[in-house]
Amino acid sequence: MSNNTAEVVIIGGGISGCATAYYLAKLGVTDVVVIERDFLASGSTGRCGAGVRQQWGLKMNVLLSKESIKAYETLNEELDTGMDIEFKQEGYLMLAYSEKMAEQYKKNVALQKSLGIEVDLITPEEAKEIVPYLNIEGMLAATFCPTDGHINPFITTNSFAEAARRLGVRIMTYTEVTGIEVEKGKVVAVDTTRGKIYTKKVLNAAGGFSREVAALADVKLPTYPERHQILVTEAVAPVQGPMVISLHHGIYCQQTPHGSFIMGFGDPKELKEHVITSSWHFLEEMAARILPLLPPLAELRVVRQWAGLYNMSPDAQPILGEAPGLQGFYNAVGFSGHGFMLGPVTGRLMAELISGRQPHLDIAPLSLERFAKGELLVEPSVV
């Protein structure tokens with residue numbers, strides 16, 4: 001190991017990059033450098049809602065999220081850094097307001113149960129027992145998984161980083177990648193603002209800037225950034241256990257272990273640019289959407305709002321694997337808002353692949369080639 005060489009260079013100091021570094025080191029690949037242009041978790045990871053769930057309608061998503069949540073359950077003990085990732089495991093409550101939505105949720109629950117997930121299709125009245133101030137007018141059904149939850153993204157990322165450092169990984173913050181050198185179809189070096197690093201393997205885990213990083217190696221990614229806005233309220237006494245998701249209202253709402261509520265909604269008109277400024281429009285829309293569903297929460301004072309970037313792919317599913325035609329260039333990108341949720345399993349899979357092992361889950365369906373082949377992975381629509 002020297003300052004200008006590395007067996008693996010990871011670009012991006014978010015959850016995917018730091019988790020991969022840790023699992024690589026755990027497999028014995030310790031000559032690893034993580035490069036982050038700001039501080040760890042400063043990008044999409046630190047600006048996400050940090051919810052983790054296993055309630056999906058696509059088998060791949062259920063399997064990936066199931067493994068990640070299992071890892072999160074014992075992560076404090078495994079990493080042994082003295083930091084608490086604050087896993088609040090009190091479930092996700094997902095609400096259905098149309099026959100189509102209720103029927104799809106029924107199918108989703110059947111799939112999830114077949115894969116070992118503890119989940120149930122419940123009545124509106126049962127949903128109200130879980131969240132007493134929930135307005136169930138117009139609701140037809142709901143699903144509830146008690147092992148879903150919420151985690152602190154900053155502490156989690158820094159725990160992975162600290163455990164990786166302990167095993168020999170180098171982490172370079174406030175360092176920008178300016179080029180990726182390629183010769184004869186192989187990666188040979190990464191250029192940074194702190195000098196050149198000779199390497200044969202590079203992982204692109206750059207989140208909202210994944211497309212730009214890939215372009216440095218002349219790899220074309222179909223990913224794009226999309227702004228996502230979130231707010232956090234004043235802290236109040238514990239009143240809501242699970243994350244509440246209503247696609248009908250277009251919102252999600254979760255009380256953190258510290259008592260604050262994190263709220264966000266998916267706006268189809270959001271900017272598809274590298275913009276992380278927040279807007280008054282978001283506050284007004286959030287108030288209008290939360291009031292009819294969870295009336296008391298509309299009275300809470302907002303203490304902060306922010307925006308981050310979803311790294312979107314054409315089918316809203318991640319892109320994992322080595323880039324076709326370029327030996328040694330790997331991607332873990334395009335998570336479309338679910339990167340933090342899948343952090344541990346992404347790290348394990350990419351570490352296995354990069355170290356020359358067979359990934360323990362088949363990630364071929366998530367390869368970049370699927371877009372050229374038209375083999376998209378699409379989560380069943382409920383709206």
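This briefing covers the nonpolar cores and the cysteines of the structure above. The model is predicted, with local features requiring pLDDT of at least 70 and side-chain atom pairs counted only at pLDDT 80 or more, while totals for chains, interfaces and linings use all residues. Residues are numbered from 1 along each chain as its sequence is written, and side-chain values use heavy atoms, leaving out hydrogens and water.

**Nonpolar cores**

- A nonpolar core is a set of buried Ala, Val, Leu, Ile, Met, Phe, Trp, Tyr and Cys residues joined through side-chain atoms within 4.5 Å; buried means under 20% relative accessible area, exposed over 50%, and partly exposed in between (1.4 Å probe, protein chains only).
- The largest nonpolar core has 57 residues, of which Ile10, Tyr72 and Phe160 touch the most other members.
- Elements giving two or more residues to this core include strand E1 (8-11), helix H2 (59-73), helix H6 (153-166) and helix H1 (15-26); H1 gives the most, with eight residues.
- Helices (H or I, at least four residues) and strands (E, at least two) are DSSP runs, numbered from the N terminus.
- Beyond its neighbours within four places in sequence, Tyr72 is in contact (heavy atoms within 4.5 Å) with residues including Ile15, Val52, Phe87, Phe340 and Pro344.
- A second, separate core of 26 residues includes Tyr133, Leu134, Phe261 and Leu283.

**Cysteines**

- The structure holds zero disulfides, a disulfide being a pair of cysteine sulfur atoms within 2.5 Å.
- The sulfur of Cys48 is too far for a bond, because the closest cysteine sulfur, in Cys18, is 14 Å away.
- Cys18 counts as buried at 1% relative accessibility, and Cys48 counts as buried at 17%.
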